[in-house]
Amino acid sequence: MFILQGLIGITLGGLAMLFPEFIVGLLAVLLGIIIVLYSMSIIVQSIVSKDSGGRKILMIILGIIGVIIGVLALMNTTVLGLTIALMLGLWAFISGFGALHTALTATEFHWYRILFFIIGILFLVFGIYVIFYPLALTAAFIWVLGLFALIIGIMTIILGFIMQSQMKKALQGSGF
């Protein structure tokens, strides 16, 4: 699984480095479409639900507001790009803490804790950078994101091979 994640990271990182403007536009459009579709599904669910009264009306209003936000986002992808940057920064920041927690609390396979620690620090640094400089969502930012994905992809592949090797040794030692 780690090897597959690493290959995906390397592929996406390479694409981001080669085509940064396209990736920014694509992410913005995809997020706008997701907002519109999700909001439309809320409206449909509200209409077909057996609820009546305030809850149903509130859900329909929420769905309409979401559709408006999604359409506005599609019309102004710069604002949506800023939103994507902030969400990405928060995701990386939280993921960094998750990786650090794993590195500091894992009791099995002690050899991989260092890689998780490094990955956690990289995620934290990247997340903090994006949170403090969200307007950096430009071609250069996407290029840095691509480089980040390549580095994480390579480290994850190495982690996968090490883990696979250790698991084989553990299975051979147990008689399987």
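Leu 15 sits in helix H1, where helices are DSSP runs of H or I with at least four residues, numbered from the N terminus. This is a predicted model, in which local features need pLDDT of at least 70 and side-chain atom pairs count only at pLDDT 80 or more, while totals for chains, interfaces and linings use all residues. Residues are numbered from 1 along each chain as its sequence is written, and side-chain values use heavy atoms, with hydrogens and water left out.

Is Leu 15 buried, exposed or partly exposed? Leu 15 counts as partly exposed because its relative accessibility is 36%; the class lies between buried (under 20% relative accessible area) and exposed (over 50%), with a 1.4 Å probe and protein chains only.

| Residue | Relative accessible area | Class |
|---|---|---|
| Leu 15 | 36% | partly exposed |
| Leu 147 | 34% | partly exposed |
| Ile 158 | 42% | partly exposed |

Leu 147 and Met 17 are 130 residues apart along the chain, and their C-alpha atoms are separated by 7.0 Å. For Ile 158 and Tyr 112, 46 residues apart in sequence, the C-alpha to C-alpha separation is 10.0 Å.

Now to the surface. Leu 15 belongs to a nonpolar patch with about 1000 Å² of accessible area together, whose other members include Met 1, Ile 8, Phe 19 and Leu 30. Helices H1 and H2 each give two or more residues to the patch, and H1 gives the most, with five. A patch of this kind joins nonpolar side chains (Val, Leu, Ile, Met, Phe, Trp, Tyr) within 5 Å, from residues with over 30% relative accessible area and no salt bridge.

And the pocket? The largest pocket holds about 840 Å³ of space. Of its 29 lining residues, the closest to the centre are Gly 9, Leu 12, Trp 91, Phe 123 and Ala 149. A pocket is an open set of points on a 1 Å grid, with protein on both sides within 12 Å along at least five of seven lines, and lining residues have an atom within 4 Å of a point.

Which helix gives the most to this lining? H1 does, with nine residues. Helices H2 (20-48), H4 (77-105), H5 (113-132) and H6 (139-173) are also among the elements giving two or more residues. By class, the lining has 21 nonpolar, eight polar and no charged residues.

How values were computed
1 Å grid on protein atoms, 1.4 Å probe; cavity = no way out; pocket = protein on both sides within 12 Å on 5 of 7 lines; lining within 4 Å. Points joined across faces, edges and corners; volume = space filled by probe spheres on them. Nonpolar A, V, L, I, M, F, W, Y, C, P; charged D, E, K, R; others polar. Patch = residues over 30% accessible without salt bridge, like charges linked within 9 Å, V, L, I, M, F, W, Y side chains within 5 Å. Areas by Shrake-Rupley, 256 points an atom, 1.4 Å probe, with all protein chains shown as cover. Salt bridge = Lys/Arg side-chain N within 4 Å of Asp/Glu carboxyl O.
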